[in-house]
Amino acid sequence: MPSLISVKTPPNTTPLNILIPAIQNGSTNNLRSPSPLRKRFPSPSPSNSRAKRTSEKVTIDESSLDNPDLGPFLLKLARETISSGDNPNKALDYATRASKSFERFSGSGQELELVMSLHMLAAIYCSLGRFEEAVPVLERSIEVVDIGKGSDRALAKFSGYMQLGDTCSSMGLLDRSVWCYESGLEIQIEALGDSDPRVAETCRYLAEAHIQAMQFDEAENLCKKILEIHREHGHSASLEEAADRRLMALVYEAKADYESALEHLVLASMVMIANGQENEVAAIDVSIGNIYMSLCRFDEAIFSYQKGLTVFKATRGEDHLSVASIFIRLADLYYRIGKLRESKSYCENALRVCAKPAPATAPEEIANGLTEISAIYEALNEHEEALKLLQKAMKLLEDTPGYHSTIAGIEAQMGVMLYVVGRYGEARSSFESAVVKLRASGESKSAFFGIVLNQMGLACLQLYRINEATELFEEARGVLEQECGSCHLDTLGVYSNLAATYDALGRVEDAIEILEYILKVREEKLGTANPDIDDEKERLAELLKETGRARNRKGKSLENLLDSNAYRVKKEVTKRRSGFGFRT
């Protein structure tokens with residue numbers, strides 16, 4: 001986690017596996033946590049033999065909480081228990097009692113000690129996977145700090161916001177996580193100014209969170225600010241700047257500005273080569289391969305992938321997931337150029353690595369690989385194999401905290417495949433489960449949520465649940481109008497589906513109003529002679545004709561409605577496979 005001040009770690013300090021604040025020279029120092037693009041809170045593990053082991057049982061009279069010396073003693077016990085790798089529940093008990101003791105004396109100069117104990121307590125909760133209990137603890141640590149009393153208070157509040165952001169991110173609450181990081185950044189800028197190198201570090205952290213939340217414009221602005229700070233301090237061609245250029249390239253790639261992304265990657269690669277960072281150069285080669293593939297420069301993409309593959313095999317071993325990742329990219333590339341045999345061969349190579357990965361490989365990384373391979377099998381029309389891989393990925397993630405959104409994405413992808421193969425009941429159940437998880441994780445306003453609602457509505461149509469489908473289409477319309485605008489293709493697709501259900505329910509006037517709007521937008525964008533608008537023209541002409549015979553009016557038959565929508569979904573899935581190939 002970025003910090004307001006920099007305190008060197010003593011050379012013989014025992015490394016800890018969770019975030020533990022410590023008091024040093026009168027100010028709070030917080031260790032850096034992982035990037036928000038990958039957050040895991042590992043359980044405390046035994047460290048080396050130098051760590052002082054805490055006795056198995058320490059008896060403390062609860063009535064002595066009024067003793068001002070008890071809080072520091074309990075906090076010391078909690079820290080030593082974590083360092084020694086003893087039972088984390090014992091450390092949790094010590095930290096809880098320490099915070100209660102400090103709470104009693106918070107008005108007598110022990111405010112920082114209280115904040116430190118609350119940060120430690122929250123970190124232990126996170127290491128145990130009890131994120132929900134960590135949130136109120138961190139909120140309390142933020143409330144008790146008055147930043148007007150000095151820079152040490154500002155640092156304590158900054159640390160609280162950043163740790164709360166990490167915790168919310170691990171729970172899948174991305175919007176709240178971003179808000180916490182932004183609040184921490186405001187405090188840091190107020191204390192240090194907006195051009196301090198430590199501000200650049202926090203900006204990088206926040207930019208990564210924006211990328212995770214698919215907020216690319218905000219991430220781009222932060223990356224530009226980071227590069228400006230590097231230039232101001234003469235840090236051009238540094239490893240830090242190279243890392244930030246890679247981040248900027250990721251943003252540009254997401255925004256389909258491939259030429260700009262390629263420029264930043266080439267500059268980053270030159271810096272890494274000059275500093276002898278062989279593995280980092282290989283990783284950048286893979287990213288450059290991705291850009292070349294997006295630009296349809298396939299020969300150059302293959303060359304870049306093969307360069308990265310050679311280095312990773314030599315330095316990390318053939319059973320490393322980075323090797324599998326390049327196999328997956330090559331499989332995707334060969335599928336795009338029509339060499340299906342080679343594509344399937346690379347998929348099989350990647351599956352062999354995922355089946356027997358290197359030791360200590362995280363389950364979520366294996367699940368991510370399986371998800372990407374399944375997307376290629378889906379494109380190869382091997383839907384049953386793709387479904388099996390997604391089910392394996394789900395099994396790997398189901399007990400991992402903080403991956404509700406990822407699981408929801410996998411369930412949505414399964415729903416699409418089940419729909420295509422005609423298993424509509426299972427497809428609806430899969431979409432419904434994804435919707436529930438997305439609502440719970442605070443993503444009910446995202447464009448992806450709107451698309452999942454639309455797909456679930458189509459599954460309901462196939463099951464003759466017209467009223468339920470109408471409600472889903474209406475909710476999807478509201479979400480996509482807010483996130484994408486009323487002229488976006490995804491929004492127009494929902495409009496079209498909603499018009500069809502209104503027609504089936506006999507709400508012809510509503511259907512006509514929607515179809516007229518769709519035609520107006522499509523004609524403005526595509527022209528009146530474009531064949532893509534012929535379907536809406538025919539439907540509208542038929543409905544207008546029917547309105548002249550009010551006593552004998554009939555809606556479009558449900559059978560025709562279902563056939564029309566089934567064709568539309570299959571066509572859309574075929575064209576936009578990558579829309580449901582999730583990269584987590």
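**Reading helices, burial and backbone angles in a predicted model**

Visitor: How far does helix 6 (residues 174-192) reach from its first C-alpha to its last, and what would be expected at 1.5 Å a residue?

Guide: Helices and strands are DSSP runs numbered from the N terminus, helices being H or I with at least four residues and strands E with at least two, and the expected span of a helix is 1.5 Å times one less than its number of residues. Helix 6 has 19 residues and reaches 27 Å, close to the 27 Å expected. This is a predicted model, in which local features need pLDDT of at least 70 and side-chain atom pairs count only at pLDDT 80 or more, while totals for chains, interfaces and linings use all residues. Residues are numbered from 1 along each chain as its sequence is written, and side-chain values use heavy atoms, with hydrogens and water left out.

Visitor: Which residues of helix 6 are buried, and what covers them?

Guide: Buried means under 20% relative accessible area, exposed over 50%, and partly exposed in between, with a 1.4 Å probe and protein chains only. In helix 6 the buried residues are Leu-174, Ser-177, Val-178, Cys-180, Tyr-181, Ser-183, Gly-184, Leu-185, Ile-187 and Gln-188. Their cover, judged by contact (heavy atoms within 4.5 Å), includes helix 5 (151-170), helix 7 (197-212) and helix 8 (216-232). Just after helix 6, Gly-193 takes a positive phi of about 90°.

Visitor: Which residues other than glycine have a positive phi, and where do they lie?

Guide: Most residues other than glycine have a negative phi. Here Met-214, with phi near 65°, lies in the loop between helix 7 and helix 8, and Met-214 counts as exposed because its relative accessibility is 59%. Tyr-464, with phi near 60°, lies in the loop between helix 19 (447-462) and helix 20 (466-483), and at 53% relative accessibility Tyr-464 also counts as exposed.

Visitor: Is Glu-411 buried or exposed, and which residues does it touch?

Guide: Glu-411, found in helix 17 (residues 404-420), counts as buried because its relative accessibility is 6%. Not counting residues up to four places away in sequence, Glu-411 touches Met-394, Ser-430, Ser-433, Ala-434 and Lys-437. Glu-378, in helix 15 (residues 363-379), likewise counts as buried at 6% relative accessibility. Glu-378 and Met-417 are 39 residues apart in sequence, yet 7.5 Å apart in space, C-alpha to C-alpha.
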